[in-house]
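Visitor: I have not looked at this one before. Can you take me through it in plain terms?

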Amino acid sequence: MTTAKWLRTVIAPLPSKPSVDLERFLSSCDRDVTADVTRRAQIILEAIFPSSGPGQNASLMDNMWAQHRRMEAMKLYFRVLQAMCTAESQILHANNLTSLLTNERFHRCMLACSAELVLATHKTVTMLFPTVLERTGITAFDLSKVIESFIRHEESLPRELRRHLNSLEERLLESMVWEKGSSMYNSLIVARSTLSTEISRLGLLAEPMPSLDAIAMHFDVSCGASPPMQSLLKNEKQGQNGDICSPKRLCTEYRSVLVERNSFTSPVKDRFLALNNLKPKIPPPFLQSAFASPTRPNPGGGGETCAETAVNVFFSKIVKLAAVRINGMVERLQLSQQIRESVYCLFQKILGQRTTLFFNRHIDQIILCCFYGVAKISQLNLTFKEIISNYRKQPQCKPQVFRSVYVDWTAQRRNGKNGPDHIDIITFYNEIFVPAVKPLLVELAPGGSTQTTSQSPETKNNIDGSCPASPKPSPFPSLPDMSPKKVSAAHNVYVSPLRSSKMDALISHSSKSYYACVGESTHAYQSPSKDLTAINNRLNGSRKLRGTLNFDDVDVGLVTDSMVAKSLYVQNGSCSSSPPMPVKSEQPDS
């Protein structure tokens with residue numbers, strides 16, 4: 001089902017107010033919060049989808065479009081909220097969900113997810129992520145807590161929108177959560193008290209979340225105007241069916257991170273599959289603890305605070321995302337599994353014992369440095385240039401990752417050294433990474449000890465130290481097979497299981513003879529395996545393959561369109577004067 005059809009057939013018919021079941025949960029709190037939930041949804045959604053005021057140059061169609069989008073987001077919000085309340089009540093064996101349903105941050109995250117899905121469905125270019133974060137007053141860390149639960153509790157969500165939310169979660173985890181002003185630091189100073197001094201010195205703590213009244217006043221919600229977004233919907237037009245249409249994504253730079261960066265990258269469509277399948281099968285922590293006060297004890301038990309639970313869950317997501325990206329780089333660089341294990345182990349140790357290296361940085365910057373550091377101690381002939389060259393082919397690659405790395409020279413205290421706030425990744429590796437990670441690299445070196453009985457002076461002076469709640473390094477997780485799967489590290493050749501829809505077309509009696517498949521030979525008395533063997537010989541041969549496979553080379557026994565056409569011509573018993581039947585060829589999936 002397409003996203004537009006899903007929104008039109010599943011969400012649009014829903015009521016624009018809480019259902020009877022949801023009202024039961026809202027009224028079962030210590031006080032009835034139905035009015036609060038409805039008022040909050042109206043204010044937040046009008047801040048995201050503002051209507052133009054009387055003094056602004058806007059058409060009636062603009063206001064109608066904004067009103068329809070607000071209504072769609074509100075219906076989706078109520079639908080998923082009811083599903084979450086039902087699941088939470090089953091876990092807690094109670095209908096009183098006061099702690100969750102009175103949490104302002106939780107509701108705003110839900111509204112932000114709902115609005116983002118509506119914006120993605122209508123492909124609105126004037127409201128690109130992370131605009132919804134600014135309009136709702138939440139941070140990247142807040143939104144990262146609810147995305148997984150949102151996807152799980154909306155089973156009808158189309159695949160494209162699931163991938164969109166997964167792509168947003170990946171963007172949040174890789175860099176946005178580590179930026180200045182993230183609420184993650186507010187939880188981190190509680191969970192890892194040794195980091196509080198450095199976090200305060202750098203001024204990383206998040207500001208208090210703005211109140212609903214402040215948002216309403218800032219975006220002038222009461223009169224339906226929004227000064228910062230006067231040209232929000234200027235380029236909209238009316239469709240042929242009378243529907244209000246939003247402007248489309250015209251520029252490639254606005255596309256989702258799902259779009260491949262260049263033609264040499266893998267054609268994998270679901271590159272988040274591995275990350276999703278790595279998520280734990282056990283039930284996630286209660287939503288109440290995820291959005292509770294950081295210093296509050298976790299209601300799930302375990303003797304830890306809610307901040308410690310939130311940070312541990314967040315760190316586990318970071319490690320899983322790193323595992324997927326490390327594995328992709330290992331395949332591109334054609335490195336051994338032992339190197340993969342060493343890079344993964346080093347990354348985990350840095351996250352647990354040198355957490356400050358992630359502050360204001362991208363996790364890929366740490367991963368690239370881990371590759372070079374492990375290569376040096378393993379005496380591999382691998383240069384930083386080769387690492388960056390292969391990183392450029394990764395789908396998530398951004399040039400600023402290796403061109404501009406944040407550095408705080410005041411923390412180095414190395415002979416008064418000073419410099420720019422952003423440097424290239426090689427300078428970062430030499431000046432910042434190696435001095436901080438050298439003791440951990442020594443432990444991974446051949447003959448090094450993975451467990452040291454005494455700390456080196458560099459470790460003792462490190463501001464991070466070894467935190468009691470730091471995650472222990474674990475073996476590299478088993479990643480599910482990706483589809484399409486790259487079958488050769490030296491060539492851009494991929495295989496994928498045959499889709500059921502294409503299989504039905506192939507086995508149909510009316511169309512079977514019109515298709516030609518690799519492996520189905522047209523030579524007399526020749527097995528299909530010989531065609532596949534010919535392809536394997538080309539891939540595994542000593543001669544380096546340049547360009548694409550030559551499927552027109554009859555000598556290697558591959559199937560050609562002319563051969564299939566000739567075969568059909570003979571089989572059908574056509575007269576010699578009749579032209580051969582045209583061959584229908586399958587187009588590759590976009």
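Visitor: What kind of model is it, and how are residues numbered?

Guide: This is a predicted model, in which local features need pLDDT of at least 70, side-chain atom pairs count only at pLDDT 80 or more, and totals for chains, interfaces and linings use all residues. Residues are numbered from 1 along each chain as its sequence is written, and side-chain values use heavy atoms, with hydrogens and water left out.

Visitor: How many helices and strands are in the chain?

Guide: The chain has 24 helices and six strands. Both are DSSP runs numbered from the N terminus: helices are H or I with at least four residues, strands are E with at least two.

Visitor: And how much of the chain counts as buried?

Guide: Of its 590 residues, 47% count as buried. Buried means under 20% relative accessible area, exposed means over 50%, and partly exposed is in between, using a 1.4 Å probe and protein chains only.

Visitor: What share of the contacts comes from residues 24 or more positions apart?

Guide: Among contacts with a separation of 6 or more, such residues account for 71%. Contact means heavy atoms within 4.5 Å.

Visitor: Helix pairs next. At what angle do H4 and H6 pack?

Guide: About 130 degrees, with the axes 8 Å apart. That makes H4 oblique to H6. Axes are lines fitted to C-alpha atoms, for helices over the stretch in contact, and angles run from 0 to 180 degrees between N-to-C directions. Under 35 degrees counts as roughly parallel, over 145 as roughly antiparallel, 65 to 115 as roughly perpendicular, and the rest as oblique.

Visitor: Is the crossing of H4 and H6 left-handed or right-handed?

Guide: The crossing of H4 and H6 is right-handed. The term is right-handed if the near helix is turned clockwise from the far one by less than a right angle, and left-handed if anticlockwise.

Visitor: Which residues make that contact?

Guide: Among them are Trp65, Leu76 and Met84 of H4, and Phe106, Met110 and Val118 of H6. The residues of the contact of H4 with H6 divide into 13 nonpolar, three polar and two charged. Here Ala, Val, Leu, Ile, Met, Phe, Trp, Tyr, Cys and Pro count as nonpolar, Asp, Glu, Lys and Arg as charged, and the others, Gly among them, as polar.

Visitor: Where do the axes of H6 and H9 come in?

Guide: The axes of H6 (residues 104-122) and H9 (residues 159-174) come within 10 Å and cross at roughly 120 degrees. H6 and H9 are therefore oblique to each other. Glu116, Leu117, Ala120 and Thr121 of H6 make the contact with Leu161, His164, Leu165 and Leu168 of H9.

Visitor: How do H9 and H15 cross?

Guide: At roughly 105 degrees, with axes that come within 10 Å. H9 and H15 are therefore roughly perpendicular to each other. In H9, Glu169, Glu170, Leu173 and Glu174 meet Phe314, Lys317, Ile318, Leu321 and Arg325 in H15. The residues of this contact divide into four nonpolar, no polar and five charged.

Visitor: Which residues touch the most other members of the largest nonpolar core?

Guide: Phe49, Leu143, Trp178, Ile326, Ile350, Phe371 and Phe433, out of 140 residues in that core. Helix H15 (residues 306-333) gives the largest share, 14 residues. A nonpolar core is a set of buried Ala, Val, Leu, Ile, Met, Phe, Trp, Tyr and Cys residues joined through side-chain atoms within 4.5 Å.

Visitor: What is Phe433 in contact with?

Guide: Leaving aside neighbours within four places in sequence, Phe433 is in contact with Ile350, Leu357, Ile366, Cys369, Cys370 and Phe428.

Visitor: Back to H4. Is Cys85 buried or exposed?

Guide: Cys85, in helix H4 (residues 60-92), counts as buried at 1% relative accessibility. Not counting residues up to four places away in sequence, Cys85 touches Leu22, Phe25, Leu97 and Leu101.

Visitor: What about the backbone? Which peptide bond is cis?

Guide: The bond from Phe129 to Pro130 is cis, with omega near 10 degrees. Pro130 lies in the loop between H6 and helix H7 (131-136).

Visitor: And what is the phi of His93?

Guide: His93 has a positive phi of about 55 degrees although it is not a glycine. Most residues other than glycine have a negative phi. His93 lies in the loop between H4 and helix H5 (98-101) and counts as exposed at 71% relative accessibility.
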